[in-house]
Amino acid sequence: MTNDFRNIVAAELVKLRTLPATLITTVTTVTGTAMLAIVFAAGRERLGGSPSAAEAALGVLEYGQVGFILLGILAVATEYGGSQIRTSLAAVPGRTLLMAGKTIAYVVAASLTALLTIGVSLLAARLTPGMSWAGGRLGVLAGAGAYLVLIGLLGYAVAALVRDLIAALVTMLALVLVVPPLLTGHTTLAAYLPSRAGMRMYEIGPALQKDLTPVQGAGILTGWLVLALATAVISFVKRDT
């Protein structure tokens, strides 16, 4: 990695760190997911179940993922909202290089947020009466962290394509929270949607989609990402701004 590219990545990390919306999203995601894990654990315990701390923490990631989607969208869409993208392009005329720097900056920020989210949620769930550490295998937890980063990266790609925060957020929320439940039970193709396939990376207990292994789920989500990112890069390079 050249010094120039390191500077680009460093500059993009500073942008993310100093953006108030990014800080609010990160704090809300970490604390909100932890609180949901506590509620989930307490509810299961009252109903006579005995979930582990890992089951409680991972069971609420379907909602916690919204924070990562927003984080990915913010990494791109905020520059278009205030025409900051013109300044960025003036500083870094190489559009592919700028997109690569933004992508790495997002991955770094999202990885740290995922580590905090899963760690704090596990601890919060564990402190709930009746919880144990059972089921908290390292591979499963790593899969959960990877899923959160990747689903946010998909939001990042969508934002780069539509160049609008609200449009990107509505598109992603529909894709991960609305469309899968509507299609599940009607067609087996629902198993190949990004979120449903990606969730196989960290499932504990019965599989949501028994025909997909965690590795296959990761591969399908990665395929969606490669397609979305490639389209976003091509669009970014060819557009005037």
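**Helical architecture, cavity and pocket of a predicted model**

Arg 163 is found in the loop that runs between helix H7 (138-162) and helix H8 (165-183), where helices (H or I, at least four residues) and strands (E, at least two) are DSSP runs numbered from the N terminus. The model is a predicted one, in which local features need pLDDT of at least 70 and side-chain atom pairs count only at pLDDT 80 or more, while totals for chains, interfaces and linings use all residues. Residues are numbered from 1 along each chain as its sequence is written, and side-chain values use heavy atoms, with hydrogens and water left out. Although Arg 163 is not a glycine, its phi is positive, at about 60°. The relative accessibility of Arg 163 is 29%, and the residue counts as partly exposed; in this scheme buried means under 20% relative accessible area, exposed means over 50%, and partly exposed lies in between (1.4 Å probe, protein chains only).

The chain as a whole has 10 helices and zero strands, which gives the pattern α-α-α-α-α-α-α-α-α-α when read along the sequence. Of its 241 residues, 45% count as buried. Contact means heavy atoms within 4.5 Å. Among the contacts in the chain with a separation of 6 or more, 76% are accounted for by residues 24 or more positions apart.

Two pairs illustrate positions that are separated in sequence. Leu 74 lies in helix H4 and, at 4% relative accessibility, counts as buried. Leu 74 and Tyr 156 are 82 residues apart in sequence and 7.7 Å apart in space, C-alpha to C-alpha. With neighbours within four places in sequence left aside, Leu 74 is in contact with Leu 19, Ala 21, Thr 22, Thr 25 and Leu 165. Thr 222 is found in helix H10 (residues 214-238) and is partly exposed, with a relative accessible area of 36%. The C-alpha atoms of Thr 222 and Tyr 147 are 9.9 Å apart in space, and the two residues are 75 apart in sequence.

Helix H5 (residues 84-91) has Ile 85, Ser 88 and Leu 89 as buried residues. Seen down the axis of H5, these buried residues fall within an arc of 95°, so they line one face of the helix; the arc is that of the directions from the helix axis to the C-beta atoms. On the other side of H5, Arg 86, Ala 90 and Ala 91 are exposed. Ser 88 is buried, with a relative accessible area of 5%. The side chains of Ser 88 and Glu 79 are joined by a polar contact of 2.5 Å. A polar contact is a pair of N or O atoms within 3.5 Å; within protein, one must be able to donate a hydrogen and the other to accept it, and residues adjacent in sequence count only if both atoms are side-chain atoms. Apart from neighbours within four places in sequence, Ser 88 is in contact with Lys 15, Glu 79 and Leu 98.

Grid points are joined across faces, edges and corners, and a volume is the space filled by probe spheres set on the points.

A search of the whole structure finds one cavity of 30 Å³ or more. The largest cavity has a volume of about 40 Å³ and is lined by Val 76, Glu 79, Tyr 80, Ile 85, Met 99, Lys 102, Ala 160 and Phe 236. Helix H4 (61-81) and H6 each supply at least two residues of this lining, and H4 gives the most, with three residues. By class, the lining of the largest cavity has six nonpolar, no polar and two charged residues; Ala, Val, Leu, Ile, Met, Phe, Trp, Tyr, Cys and Pro count as nonpolar, Asp, Glu, Lys and Arg as charged, and the others, Gly among them, as polar.

The second largest pocket has a volume of about 250 Å³. Its lining residues are Leu 13, Leu 16, Arg 17, Thr 22, Leu 23, Thr 26, Leu 71, Val 108, Ala 109, Leu 112, Thr 113 and Leu 116. Helix H1 (3-18), helix H2 (20-46) and helix H6 (95-126) each supply at least two residues of this lining, and H6 gives the most, with five residues. The lining of the second largest pocket has eight nonpolar, three polar and one charged residues.

Notes: 1 Å grid on protein atoms, 1.4 Å probe; cavity = no way out; pocket = protein on both sides within 12 Å on 5 of 7 lines; lining within 4 Å.
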